[in-house]
Amino acid sequence: MRQWLWVQNETQFRVVRSANVNQSRFVEAVPQGAVGFIRYFDQILRPSLSKRCSALTNLHSSVLPWYRGPQPSYWLTRRGEHVAGYTLHDVTAEIDAGPVIEQECWSLEGRPTPSRFEYEAGLRG
């Protein structure tokens, strides 16, 4: 899965892609005090990266606290869930446990698949 981190400061907005956001080259490219937004993310951020951001928000593709961590759509499908959702939350040191900004959930009919969960989340979030 491709890693995306949107970084914003007072004068610019950038989309930055990296296979490993914890590499020092990537971390050093993030401006001190940046405001970050992450989506479709399957890596655990090291403190060196999150400390560079004045704020960091994650759009997580499950209704937290259920299915915290990477690839929630895989686990939703594997367990045969028919309820999907997303959570927009602040990033903290504990994985997918920051204060919730917004959540939404909905029911899915038929056979659930990871791509279907992601498609439905994209329509709503």
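The legends below accompany close-up views of a predicted model.

**Figure 1. Overall arrangement of the chain.** The predicted chain contains 4 helices and 6 strands. Read from the N terminus, these elements follow the order β-β-α-β-α-β-α-β-β-α. Of the 125 residues in the chain, 40% are buried. Among contacts with a separation of 6 or more, 46% are between residues 24 or more positions apart. The accessible surface of the chain amounts to about 7,600 Å², and carbon and sulfur atoms contribute 51% of that area.

Figure 2. Strand β3 (residues 34–39) pairs with β4 in the parallel sense, and 6 bridges connect the two. Within this pairing, Ala 34 stands opposite Cys 53 of β4. Strand β5 (residues 83–90) runs antiparallel to β4, to which 4 bridges join it. Here Asn 58 faces His 89 of β5 as its opposite residue.

Figure 3. Gly 85 is part of strand β5. Its relative accessibility is 4%; because residues under 20% are classed as buried, Gly 85 belongs to that class. Leaving aside residues up to four places away in sequence, Gly 85 touches His 60, Ser 61, Ser 62, Val 63, Glu 104, Cys 105 and Trp 106. One of these contacts, Val 63, lies 22 residues from Gly 85 in sequence. The C-alpha atoms of Gly 85 and Val 63 are 5.1 Å apart in space.

**Figure 4. Aromatic pairs.** The structure holds 2 aromatic pairs. Tyr 74 and Trp 75 form an edge-to-face pair, with ring centres 4.8 Å apart and an angle of 85° between the planes. Tyr 74 is partly exposed, at a relative accessible area of 35%, and Trp 75 is likewise partly exposed, at 34%. In the pair of Tyr 86 and Trp 106, the ring centres are 6.3 Å apart and the planes meet at 50°, so this pair is tilted. Tyr 86 belongs to strand β5 and Trp 106 to strand β6 (residues 100–107), so their pairing ties together parts of the chain that are 20 residues apart in sequence. Tyr 86 and Trp 106 are both buried. Trp 106 is also one of the residues that Gly 85 touches.

**Figure 5. The largest pocket and its lining.** At least two lining residues come from each of β3, α2 (47–50), β4, α3 (72–78) and α4 (114–124). Two of these contributors, β3 and β4, are the strands that pair in the parallel sense.

How values were computed: Residues are numbered from 1 along each chain as its sequence is written. This is a predicted model: local features need pLDDT of at least 70, side-chain atom pairs count only at pLDDT 80 or more; totals for chains, interfaces and linings use all residues. Side-chain values use heavy atoms; hydrogens and water are left out. Two strands pair if DSSP finds at least two bridges between them. Rings of Phe, Tyr and Trp (its six-membered ring) pair if their centres lie within 6.5 Å; planes under 30 degrees apart count as stacked, over 60 as edge-to-face and the rest as tilted. Buried means under 20% relative accessible area, exposed over 50%, partly exposed in between (1.4 Å probe, protein chains only). Contact means heavy atoms within 4.5 Å. Accessible areas come from the Shrake-Rupley method with a 1.4 Å probe; for residues, only the protein chains shown count as cover.
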